[in-house]
Amino acid sequence: MTSSAPQRIAGKATILGVGMTIVRTLPTARRRTIGAWCFLDHIGPVDLGTSHGMRVGPHPHIGLQTVTWLIEGEILHRDSLGSLQLIRPGQLNLMTAGRGISHSEESPPEHPPGMHGVQFWIATPDADRHGEPAFAHHPELPVFDHDGLQVTVLLGEQQGRKSPGRIFSPLLGLELLADAAVQTGLPLRADFEYGIQVLEGSLTVGEEVLEPGTLLYMEPGSELLALQADAGFRAILIGGEPLQEQVLMWWNFVARTQSELTTACKDWNAGAQYFGEVVGYPGDRLESPMPPW
Ligand code: MN
């Protein structure tokens, strides 16, 4: 099986909450999903200085998992299951929305000035998307060296190392970095499609030079990722079996039909109990915008 040339996807800058710049590379007009990955936000790097920092009030999710991974800074996570978790660099935070959850994200009162990280969403397959909500914090993940490349397995399995994070479809999430210049080939699964996004420095994949703000999409069929980089780069590699389901998204909801999305918006705004309640957030809950249909 041969695969065609990789596709460059330019991210779109947008503002999250109050004054937090992010670059979104999924979904875009050219590509909606990579495996079950359906949303990719690169947060910062920003200098919060002495401001309040991040303030994302209580809001709901259905039908997805959120993956929060920081390189720098701290976020305090609260959710309707009663979780109160300080999210720090190098720790995986995986929230499973199932049939309904709500959460808030804020900088703690005392926080480092810098903030840099990613937040990704994974669409839950139809068979599992109405399940129980959950939140998991994984401070320890498999890390290994591959030809000078430091590989951290955020989700899924790579070269026999498996993440403890619970997933519902075959997929992969890795952090890749190198302290010195590196040139290597990373084994891939030919049945997965992949995306790679640089967070720091630059990286050459095949003939493509990548920098922050661009996602490179690679269709199934490759068994090796040829990469080359100078010292000091950091990237995220995601992959998975191409999704066989038509996923629809609106605001913070992932579903299959417009009417499900409309119902979720109305239910949240009406205070429906299945989203639970976030306790202790110093501010208002977010209101759902109604869909255009
Ligand atoms: Mn959220």
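About 230 Å³ of space lies in the second largest pocket of this predicted model, a pocket being an open set of points on a 1 Å grid over the protein atoms alone, where a 1.4 Å probe fits, with protein on both sides within 12 Å along at least five of seven lines, and lining residues having an atom within 4 Å of a point. Volumes are the space filled by probe spheres set on the grid points. Of the 15 residues that line the second largest pocket, Pro 6, Val 205, Gly 206, Met 218 and Ser 222 are the closest to its centre, while β23 contributes the largest share, three residues.

Because the model is predicted, local features need pLDDT of at least 70 and side-chain atom pairs count only at pLDDT 80 or more, whereas totals for chains, interfaces and linings use all residues. Residues are numbered from 1 along each chain as its sequence is written, and side-chain values use heavy atoms, with hydrogens and water left out.

| Pocket | Volume | Lining residues by class |
|---|---|---|
| Largest | about 760 Å³ | 19 nonpolar, nine polar, six charged |

The largest pocket is lined by 34 residues, with Arg 24, Phe 39, Trp 121, Met 249 and Trp 251 nearest its centre. Among the elements that give two or more residues to this lining are β5 (55-61) and β10 (101-106), although β4 gives the most, with four residues; strands here are DSSP runs (E, at least two residues), numbered from the N terminus.

A manganese ion is coordinated by the NE2 atoms of His 59, His 61 and His 103 at 2.1 to 2.2 Å, where donors are N, O and S atoms within 2.8 Å of the metal (3.2 Å for Na, K and Ca) and the site may look incomplete because water is not among the atoms. The donor residues follow the spacing H-x1-H-x41-H in sequence. His 59 counts as buried because its relative accessibility is 3%, and His 61 likewise at 1%, buried meaning under 20% relative accessible area with a 1.4 Å probe and protein chains only.

Val 205, already met at the second largest pocket, is also one of the residues with the most contacts inside the largest nonpolar core, which has 26 residues; such a core is a set of buried Ala, Val, Leu, Ile, Met, Phe, Trp, Tyr and Cys residues joined through side-chain atoms within 4.5 Å. Leaving aside residues up to four places away in sequence, Val 205 touches Ile 196, Leu 210, Leu 216, Met 218, Leu 225, Ala 226 and Leu 227, contact meaning heavy atoms within 4.5 Å. A second, separate core of 23 residues includes Val 67, Leu 94, Leu 141 and Leu 155.

Methods
Buried < 20%, exposed > 50% of the residue type's maximum accessible area, 1.4 Å probe, protein only. Nonpolar A, V, L, I, M, F, W, Y, C, P; charged D, E, K, R; others polar.
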